[in-house]
Amino acid sequence: MTNFTSTETTPRLLVVATGNPGKVVEMQEYLTDLNLQLELKPKDLEIEETGETFLANACLKASEVAKATEKWAIADDSGLAVDALDGRPGIYSARYAPTVAEQIERVLRELADNPNRQAQFVCALAIARPDGTIVLKTEGICRGEILYSPRGNGGFGYDPIFYVPSEEKTFAEMSPEMKRSLSHRGEAFKILLPQIKAMCG
Ligand code: IMP
């Protein structure tokens, strides 16, 4: 973790390194009690995710967007890592197959009847200064199990096959509040929030 030393340039606005307005709304919910304005990155600014880890990709996106906009930037990178598949789909979660249904099918096909169903969702978050320097970075994890078939209608992506034993529910069966409180993204923001607060003064 990079230590943040307070300077005159503490952020009031963060550019979110995503083209997805839903992600900005979601981040706003995690950062609700902070006096921070969030905005989408410019549409024509595309960052190639060339990193080999979630954290490397989050840092890359935050840094490149910060430099291009000359503003503070925040980025996340997340995905599903299945133990018995050596961590796949991992950083390729969004690209594992053309559609979400096919992504789920591929994971279930590759796992087949392997009794080891252990898996985790991972979310990396990074914040960069306008010069591209990463000042905060962290990773949140949520452990669970891959079911043999999908369950539930909520959420997105791999949610219907990701089962959390302590709640006896898949992510797709949880309320948005419950998922937020225990998800990988929730965990990452729980770690980062006090640090962002300290940084914003
Ligand atoms: P990104 O970090 O927004 O690019 O997301 C990467 C991919 O990981 C998504 O497209 C989903 O396939 C998967 N993913 C990340 N977080 C979740 C989640 O909370 N539920 C289900 N799938 C997720």
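**Exercise 1. Give the classes of the residues that line the largest pocket.**

Step 1. The lining of the largest pocket holds 10 nonpolar, 10 polar and 12 charged residues. Ala, Val, Leu, Ile, Met, Phe, Trp, Tyr, Cys and Pro count as nonpolar, Asp, Glu, Lys and Arg as charged, and the others, Gly among them, as polar.

Step 2. The model is predicted: local features need pLDDT of at least 70, side-chain atom pairs count only at pLDDT 80 or more, and totals for chains, interfaces and linings use all residues. Residues are numbered from 1 along each chain as its sequence is written, and side-chain values use heavy atoms, with hydrogens and water left out.

Step 3. A pocket is an open set of points on a 1 Å grid over the protein atoms alone, where a 1.4 Å probe fits, with protein on both sides within 12 Å along at least five of seven lines; lining residues have an atom within 4 Å of a point.

**Exercise 2. State which residues lie nearest the centre of the largest pocket, and which elements supply its lining.**

Step 1. In total, 32 residues line the largest pocket. Lys23, Ser78, Ala94, Phe156 and Arg185 lie nearest its centre.

Step 2. At least two lining residues come from each of helix H1 (21-30), helix H2 (54-69), E3, helix H3 (100-111) and H5. Helices (H or I, at least four residues) and strands (E, at least two) are DSSP runs, numbered from the N terminus.

Step 3. E3 provides the largest share of this lining, five residues.

**Exercise 3. Describe the second largest pocket by its lining.**

Step 1. The second largest pocket is lined by 14 residues, and nearest its centre lie Glu26, Gly155, Phe156, Pro176 and Lys179.

Step 2. H1 and helix H4 (176-182) are the elements that give two or more residues to this lining. H4 gives the most, with three residues.

Step 3. By class, the lining of the second largest pocket has five nonpolar, four polar and five charged residues.

**Exercise 4. Identify the residues closest to the ligand and the elements that supply the shell around it.**

Step 1. Strand E3 (73-82) and helix H5 (184-200) each supply at least two residues of the shell. E3 gives the most, with three residues.

Step 2. The shell divides into four nonpolar, five polar and five charged residues.

**Exercise 5. Find the distances from side-chain atoms of Lys179, His184 and Arg185 to atoms of the ligand.**

Step 1. For Lys179, a side-chain N or O atom is 2.8 Å from an oxygen atom of the ligand.

Step 2. A polar side-chain atom of His184 is 3.1 Å from a nitrogen atom of the ligand. For Arg185, a polar side-chain atom lies 2.7 Å from a nitrogen atom of the ligand.

Technical notes. Polar contact = N/O pair within 3.5 Å; in protein donor to acceptor, adjacent residues only side chain to side chain.
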